[in-house]
Amino acid sequence: MSVLRLGYVHINVTDLAEAKNHYINTLGMDAVHEEDGTVYLKSWDEADHHSVVLSEGGVGLTKLGYKVSDADSLAEIETRVRAFGATCERMSKGDNQSVGDGLRVTLPSEHTLELYSDIEYVGTATGLWNPDPWPRGGTRGIGVPRLDHTLITTEDPALLERFLSEALDFQAAERLVGGEDNTELVGSWMFCGEQPHDIAFVQGENGKLHHFAYHIADWSALLHAGDVFSMDDVPIDFGPARHGITRGETIYFFDPSGNRNEVFSGGYRTGKDFRTITWTMDQAARGINFTHRELDQNFLTVVT
């Protein structure tokens, strides 16, 4: 059984035209399909049909999709999910544009998470034969290469961590607990491959999205992203800065509907033998914003 990575994020936006301008012209994604108030987007270095879906009407997260290695994995995951006592159902080819059969799971945090192995392959912008390092024709705006991870909120972080570990084989790279004498879990950053996190969650309201993130090359690309945000009047939450947790570099910002996005670079390598790092709440500000060692309360409380 193997969950490979975050495959897609489906969100609601209040104004589809404004949202398309943000994700296409500022972030640099490409629209690959559009119908009935929904647009499907991919980045230039992503090979699958889409990674972000925007639907007009409201704001916030509709569902997450994680790609698994093969169809047999879905059956094993279904068994584990039911043994855990969580709810799931089979989804059919056609339920999602260009996505095959899969499994739809309701997480203990009340988020909808879909698992699938089959999705239409469309290829990257640079191809597989003697590829250039980036599209020769250039990119728009930031030119984000790929989706990276997401962070959601849950009333019971310990329960969600146990579910993701037992049902989906995720491991915790880093955990945030109350203190050295208080092991109550406040947040967890979990991986399924070798990234520092593929999904993370902190204590908060069930069913909410804190942010989803794009991976970009390095600190220089992050500063370039900051320049583009200024040119396009994109609201910044915080950054450029370095995280203590994950050791990544970051800028958080908002789309026109108020959904929080992130551009993320750096971080370290994990794997099956990685030993979990623990942070305590008295060091949480350094953990999240290592550069400035302080946090705006809105960063902790604004979710969609």
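Predicted model: local features only at pLDDT ≥ 70, side-chain atom pairs only at ≥ 80, totals over all residues.
Residues are numbered from 1 along each chain as its sequence is written, and side-chain values use heavy atoms, leaving out hydrogens and water. Local features need pLDDT of at least 70 and side-chain atom pairs count only at pLDDT 80 or more, while totals for chains, interfaces and linings use all residues.

**Stop one: aromatic rings**

Rings of Phe, Tyr and Trp (its six-membered ring) pair if their centres lie within 6.5 Å; planes under 30 degrees apart count as stacked, over 60 as edge-to-face and the rest as tilted. By this rule there are 11 aromatic pairs.

Select Tyr66 and Phe170: their ring centres are 6.0 Å apart and their planes stand at 80°, so the pair is edge-to-face. Tyr66 belongs to strand S5 (residues 60-68) and Phe170 to the loop between H3 and strand S10 (171-179), so the pair ties together parts that are 104 residues apart in sequence. Helices (H or I, at least four residues) and strands (E, at least two) are DSSP runs, numbered from the N terminus.

Are these two residues buried or exposed? Buried means under 20% relative accessible area, exposed over 50%, partly exposed in between (1.4 Å probe, protein chains only). Tyr66 is buried at 1% relative accessibility, and Phe170 is buried at 3%.

Next, select Tyr268 and Phe274, whose ring centres are 5.3 Å apart with planes at 10°, so this pair is stacked. Both Tyr268 and Phe274 are buried.

**Stop two: a cluster**

Now pick Tyr23, Phe212 and Tyr214, which form one aromatic cluster.

**Stop three: a loop residue**

Finish at Asp156, in the loop between strand S9 (146-154) and helix H3 (157-168). Asp156 counts as partly exposed, because its relative accessibility is 36%.
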